[in-house]
Every structure is written in structure tokens, then in C-alpha cells.
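Please open the model in your viewer and keep the selection tool at hand.

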Amino acid sequence: MPVPMPSGNPDRAPARALRRAGSALGRGRSACVHHWSHPCLKWPKRVATGTAVLLVVPFLTAGVSLRLQYAPGTHTRERDAVWLGHAWVDGRHGEDQLAELVQQVRDTGIRDLYVHAGPLEHDGTLPTSRYPKARWLVEAVRRELPGVRVQAWLGDVLSTEGRTGMDLGERATRERVVRSARQVLDAGFAGVHFDLEPLHSGDRDYLSLLDAVRAITRARGAPLSVAAHQIDPLPSLHCVAGFVAGHPKWWSRSYFGAVARRVDQIAVMSYDTALPLESLYGGYVAQQTRLALEATPRGTDLLMGLPAFHTDDIGHHESAETVAAAVRGVRLGLSREDARRERFGVALYVDFAAAPGDWAAYQRGWGAPTSD
């Protein structure tokens, strides 16, 4: 998600370019990753990844009807979240925008705000000049939305698929990231939310980083949360995608579980699938929900991402990837796998791109207790 912010519109820096890059195994860490570096192969790489999804998903979703009766109680557990752009902490947003946010969040299940406070520098440091209004926001939310937490969303481009970016293999870099996490907690944030991309399945350095940061967050009584890549729909599919497209989009189920065991919350970025139809996308989200429930320990909050943005390109078809379809998929997956799961929710991405219809679809389908 977060990337170094361009001079034009900092709010659009978090996520889109990074999610295009995807997830994967660190530099030289897996023989299943084969990089295509020639610029002429840019589109073949994307097409190959999308084709892999299209070939797999119809088989996985065959016979799935999103109109099936959901299990009773498949609505918010009041553990939901929303990603918020950088304007909340750099001074561009004020009381008027806060009043609108309060209206959107109040009386829903949203309890965490992931506020973009980065991006981190490639060396792991975080200039304090990037979040001058952080304390104003934290205090305003505490006053207007009691019980809602403001977490610092920190991210950067990793060097796993390019020549530049953060190298988690460098111990000194990881130590600076740990100091940055301590820094945002000192600034008043209630927790730390990481999104470092493209993060390859099996990356042990990332696990080491999480272990080090969690020691700090636990001592402070603060949550540690992460944005996570999707899980292999088929075993080792990330290796196939890495070999064919140079972009191992998914994480293995075992690696997803290893990450989930090290954090308090894990939010699946269940969008940018290249799927062309709502029915396919909803079925895919249902399957991802089931896989994530299987892999996530019961002591960790699992959140499924909702696509509240409207970019239309080869990786994301806004007519297919809708909040309504994602909510239906989440409810179906939850119904089939673990309808009584309490530590479960959804997370909307992202506030500055969300339309009123996205908020309405969330509230209507999931965000307020309803009778089934």
C-alpha cells in the first residue's frame, strides 16, 4: 500500500502502485521466483498473473451461489477498520472533514483507523515532519469516537522485485523500522500497522521484524497489525506465478499463519484480483475468507479487505470488485467455515476514494447489527 508520496497528490500514494507489484519471497530466498526484467514484458507479466487467477477461480467457485442463506449472526463483531489517507496527519484535513468521518464511523462496527503516517524511508527511518497533526487527530477521535483506535499505517516499497526500496535483509534497516514503530507510539498513536510490499511468501526477515516490533507494542499495551497478501488458492500457486510472471502474488497458507501468529490483527488485501465479474469476485472472496480463517489463530483478529476505490485497470475491475460483492463473499465464507468466530471483521480501503455507495454497502451488508 504506502509508497513514497509524489508531489502531486500524497493521498494517492498509499497502496495502488505497491499492490500492483504484489507479494513474494525476498531477494534470492526462493528458487521458485524468476524475474522478468525487460520492459517489453510488463504487460505479459500482468496478463499471465490475471490469467492464472481466471483459470483457477471458476473451478474453485463452481456451484457457489452468493444468494445462499447466510448463517445467523454473520454481521459485524465490532472489530472492523478503515484505511485513511495521509491528509489526516499532514494538516490538510480539519474539523469539517473530522465531522464527516465521525458521521461515517459512528454506529458502525469500525473500531480501528489505519492512518497513513509514512511512508518509511528505505533505510527504515520516519521523519517526524510527515505527521505534524497526529496528536490532533488522536485526541479528536478519542473525544468524538470513544473506543475507536488510531493506528499508524507505515509502509514502503521493498527491494524484492526491483533495484530500489527497503531491504529487510539488512539488520540495521530492521532496527530502524523498530525505532520508527516506537516513535509513532510516542507520538500518541494507539498501535502500529505495517504494509511493506511486495512481500514474498516465506520471507524470514519480515517475521524477525514482527517479533521485534511486537515486543515493543506488547510492552505498551498497543496492537500490532499488518496488511497481508492473499493466500494460495491452490498449493504453491505463488511459486507458479513467480516463475511465469516474476510476481508471486499470493502467500502460502503456512506463511500466512506464521505472520498471523506474530500480530494482533491481520487484514487481507482481498482485492486487485483481475476478475471481471461480481459473481467470480464474490466467490473468490468467500474462498479467501475460508482459507484465512483456517490459517489465523483464534487469538488474532482477522479482517477481510473491502475495495472502496474505483480505479479501473487490468488488475482491478470496479464493476466486479465492489464492496457489496466482497461483503457477500465474506459472509458466505464465514458462514461455511466458522460462523461463531468473534475475532473477525472487515476493513475498507480507502477513505479518500470511497463513494457514499461504498459506505452504504458496508453498513447495509455488514456494518450494523441486523436480524438475519
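How are α9 and α10 oriented to each other? The model on display is a predicted one. Begin by selecting residues 278-295, which form helix α9, together with residues 323-337, which form helix α10. The axes of these helices lie 7 Å apart and meet at an angle of about 40 degrees. An angle between 35 and 65 degrees is neither roughly parallel nor roughly perpendicular; α9 and α10 are therefore oblique to each other.

Next, display the side chains at the contact. On α9, select E278, Y281, G282, V285, A286, T289, R290, L293 and E294. On α10, the contributing residues are A325, A326, R328, G329, V330, L332, G333, L334, R336 and E337. Colouring the contact of α9 with α10 by residue class gives nine nonpolar, four polar and six charged residues.

Now move to strand β6 by selecting residues 265-268.

Residues 224-228 make up strand β5, which pairs with β6 in the parallel sense over four bridges. Within this pairing, look for V226 opposite I266 of β6. Then select residues 301-307, strand β7, which runs parallel to β6 and is joined to β6 by four bridges. Finish at V268, whose bridge partner in β7 is M304.

Methods: Residues are numbered from 1 along each chain as its sequence is written. This is a predicted model: local features need pLDDT of at least 70, side-chain atom pairs count only at pLDDT 80 or more; totals for chains, interfaces and linings use all residues. Side-chain values use heavy atoms; hydrogens and water are left out. Axes are lines fitted to C-alpha atoms, for helices over the stretch in contact, and angles run from 0 to 180 degrees between N-to-C directions. Helices (H or I, at least four residues) and strands (E, at least two) are DSSP runs, numbered from the N terminus. Angles under 35 degrees count as roughly parallel, over 145 as roughly antiparallel, 65 to 115 as roughly perpendicular and the rest as oblique. Contact means heavy atoms within 4.5 Å. Ala, Val, Leu, Ile, Met, Phe, Trp, Tyr, Cys and Pro count as nonpolar, Asp, Glu, Lys and Arg as charged, and the others, Gly among them, as polar. Buried means under 20% relative accessible area, exposed over 50%, partly exposed in between (1.4 Å probe, protein chains only). Two strands pair if DSSP finds at least two bridges between them.
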